[in-house]
Amino acid sequence: MANQEEEIKLELFLQWLQVNGVELRGCNIKYCDSSKGFGLFSTTNVSDGVLLVVPLNLAITPMRVLEDPLLGPPCKAMYEEGEVDDRFLMILFLTVERLRGSNSTWKPYLDMIPSSFGNPLWFTDDEFRELKGTTLYQASMSQKKSLLAIFEDKVKNLLPRLLVLDGESEREVAFEDFLWANSVFWTRALNIPLPRTFIFPEGSEIPASYSISNGVNIASMEGETLWVEGLVPGIDFCNHAIKPAAMWEVDSTGTTSGVPLSMFLLSVNSEIGKEITISYGNKGNEELLYLYGFIIEDNPDDYLMVHYPAGALQNDPFADSKTQLLQVEKAELRCLLPKSLLDQGFFPCSSSESKNIQECAKDKGPNYSWSGQRKTPSYVNQLVFPEDFLTSLRTVAMQENELFNVQSLLEELVGSDGEREPSEAEVRAAVWEACGDSGALQLLVDLLNTKLMNLEEGSGTEESDSELLEKTCVRDGPAISISVNKAESSSDEMMSKNRWAGIVYRRGQKQLTRLFLREAEHALQLCLNEEC
């Protein structure tokens, strides 16, 4: 249950929503628990299914920031110089409004947002060490370094001056304020399809410097809808579920909600008294933890990222030739391997219904009709690894004689004098003809073995993580802690929720690496048998 202070904040927020035209028709905002905070809950059945309506003019968007009397002028200057993007504008706005405290008209909304978050940027050193060996470990370190640089370069000296102009006493702005605003944006922002006329009323001039979605110039875009990232108070209190109870939509004309230029929440299968959830998308635990600060145990949308280090190719004696081939192939040196792919492989993990394997295999494999020398592998329909990634690995792994054969095959097509450039399909087919799968699959096995070794270094095997997690039970409280019951001792060791999430994510990565490694090793063995 929420304490008295939280209840007061909630009451002030509900009043603030009402003043700003928000209509809670079939729902209310209530306290969930210490890990989720507040959420939306169904209160009544509504005939049209519309549970909540929020006017779009309440949304925090880049346009609102550029029109703000305090932030607008300096932000426009940085924007026109190309120094910042639309996301930075909103993060800067949230930072300023938090620092303005009681002077901010957004205070009732901001007071409802957690003061800290569960993503790795907020982990303690001990908690962060649980991520060592994972993709998220390096990504989070790079992100924090980047945020610190932005804070020092663009925020630290600007905001105190703006706050003084606003009547605040001179004060130092802490990095934690900027970090908080960054986390608020990434955990709550939506990609909103806004009517063009809402952003630029009819007859108004569109500034050439206005851009959305990371630099897309609005003035050059056609159509009646523009996608803009932003925060929508009220809607953003919906938590995530794999099977959501509702979905949000934009109502430009008011036909559905009765409120023109609004966003509304539409019931899908909400039940009275139950929490109203939406889907944040089919996201694996890596993305959920990185962006939102939570994970889902046994997440069906989990995935493994595998990549060949680009720098490693520079040490190859044939790096220049291979790089040229990779460019023509439009090669990707990294790929995401969704957990669901395993159901189509040699060792299916579940008996759940999946797409017909023959249907899934239609686009598998290269063109095998070059010369008839290279036959279609018997295992192609059960190969779970994307052909684009295998093509890249074939090119990276090829030996000197194979590279010579590729060049010879391409010369047959385009002529030794280079009358034309070979196409992407021709290069891919030549590489397949010269190399087959063995080199690519061996390289893939090596990459997965290295990944598993890095994951297990310092933390042990997947089984070690499972044994640790089996001894835990969640305790719902302000500390958001987990109790680890030791069999040998009656005392409890406290494990933070962040550490728990890190271990669950890490264990999932070990499991997926092991399963995909088994697929790669089996495919390699079959390939070597057929090539003998």
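Predicted model: local features only at pLDDT ≥ 70, side-chain atom pairs only at ≥ 80, totals over all residues.
The protein chain holds 19 helices and 17 strands. Of the 532 residues in the protein chain, 48% are buried. The accessible surface of the chain amounts to about 26,200 Å², and carbon and sulfur atoms contribute 48% of that area.

Leu261 has a phi near 55°, which is a positive value in a residue other than glycine. Leu261 sits in the loop that links β10 (246-251) with β11 (262-267). How accessible is Leu261, and what does it count as? Its relative accessibility is 31%, so Leu261 counts as partly exposed, since this class covers the range between under 20% for buried and over 50% for exposed.

Lys330 also needs a look at its backbone. Phi of Lys330 is positive, at about 55°, although Lys330 is not a glycine. On the chain, Lys330 is found in the loop between α12 (319-329) and β14 (334-338). Is Lys330 buried or exposed? The relative accessible area of Lys330 is 61%, so this residue is exposed, as the cut-off for that class is over 50%.

Methods:
Residues numbered from 1 in each chain as written. Heavy atoms only, no water. Helix = DSSP H or I, 4+ residues; strand = E, 2+ residues; numbered from the N terminus. Buried < 20%, exposed > 50% of the residue type's maximum accessible area, 1.4 Å probe, protein only. Areas by Shrake-Rupley, 256 points an atom, 1.4 Å probe, with all protein chains shown as cover.
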